[in-house]
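Subject: Structure handover

Hello,

Here is the structure I said I would pass on.

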Amino acid sequence: MDQFREHPSKACVWDGTQLVPVADATAAESVVWFVLPPDPDMPRDYAVWEALNATQVEHDVYRLCASPALFARVAFGDRVDVIRSGEGALVVTSIAGRGGYTSARLWFEDGGDTWRLPVESLAQAGCVVDIYSERLVGISWPSALDEIIPSLERMESEGVLIYATA
């Protein structure tokens with residue numbers, strides 16, 4: 001049986017004192033679905049899907065208003081081509097254009113509130129954060145921000161988190 005995973009929160013940015021939802025994420029009227037690459041350890045007919053908030057920009061083109069936590073090949077602001085499934089869901093078929101962001105997913109082994117300070121620090125540095133769970137957070141940042149990868153590398157070497165980029 002397939003798994004369909006929607007984000008429980010909206011993408012957020014730092015407003016100077018706290019994380020607040022991005023206006024585009026709050027205004028997003030749709031979700032688009034990505035199928036994750038198949039897992040060789042799972043049955044062939046099993047798939048995991050991730051839903052990301054999006055806004056329609058053309059007939060079958062939507063702009064992502066979320067940072068992926070599971071599907072690592074896209075980032076906040078990317079435009080994607082979609083088709084409507086028989087059930088009515090918008091299914092991504094390809095990337096129509098890049099939005100100028102890079103993305104990563106962060107894993108916090110200990111869970112709980114261990115994500116809060118590192119994620120707030122990354123948001124203060126310019127990242128858009130999408131809190132999927134207390135262990136898994138998707139982030140996107142303007143590709144020109146050179147300090148994000150070194151910050152992630154430092155946090156990983158200190159045992160704060162594990163990160164992966166596309």
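Predicted model: local features only at pLDDT ≥ 70, side-chain atom pairs only at ≥ 80, totals over all residues.

Residues are numbered from 1 along each chain as its sequence is written, and side-chain values use heavy atoms, with hydrogens and water left out.

Whole chain

The protein chain has three helices and 12 strands; helices (H or I, at least four residues) and strands (E, at least two) are DSSP runs, numbered from the N terminus. Along the principal axes, the C-alpha atoms fill a box of roughly 45 × 35 × 25 Å.

Of the 166 residues, 43% count as buried. Buried means under 20% relative accessible area, exposed over 50%, and partly exposed in between (1.4 Å probe, protein chains only). The accessible surface of the chain is about 8,700 Å², and carbon and sulfur atoms hold 52% of this; the areas come from the Shrake-Rupley method with a 1.4 Å probe, and for residues only the protein chains shown count as cover.

Contact means heavy atoms within 4.5 Å. Of the contacts between residues at least 6 apart in sequence, 53% join residues at least 24 apart.

Strand β11 and its partners

Strand β11 covers residues 136-142, and six of its seven residues are buried. Strand β9 (residues 101-107) pairs with β11 in the antiparallel sense over seven bridges, where two strands pair if DSSP finds at least two bridges between them. In this pairing Y101 has P142 of β11 as its bridge partner. Strand β10 (residues 128-131) is also antiparallel to β11, over four bridges, and V128 stands opposite S140. A hairpin of four residues joins β10 to β11.

Helices α2 and α3

Helix α2 spans residues 116-124, and P118, V119, E120, L122 and A123 in it are buried. The cover over these buried residues includes β2 (12-14), β3 (19-21), β9, β10, β11 and α3 (148-157). After α2 comes G126, with a positive phi near 115 degrees.

R154 lies in helix α3. It is partly exposed, because its relative accessible area is 39%.

N53 belongs to strand β5 (residues 48-58). N53 counts as buried because its relative accessibility is 12%. Leaving aside neighbours within four places in sequence, its contacts include K10, A25, S30, V31, R63 and L64.

L90 is in strand β8 (residues 90-97). At 8% relative accessibility, L90 counts as buried too. Not counting residues up to four places away in sequence, L90 touches S30, V31, V32, W33, Y62, V82, I83 and R84. One of these, Y62, is 28 residues from L90 in sequence and 9.5 Å from L90 in space, C-alpha to C-alpha.

Regards
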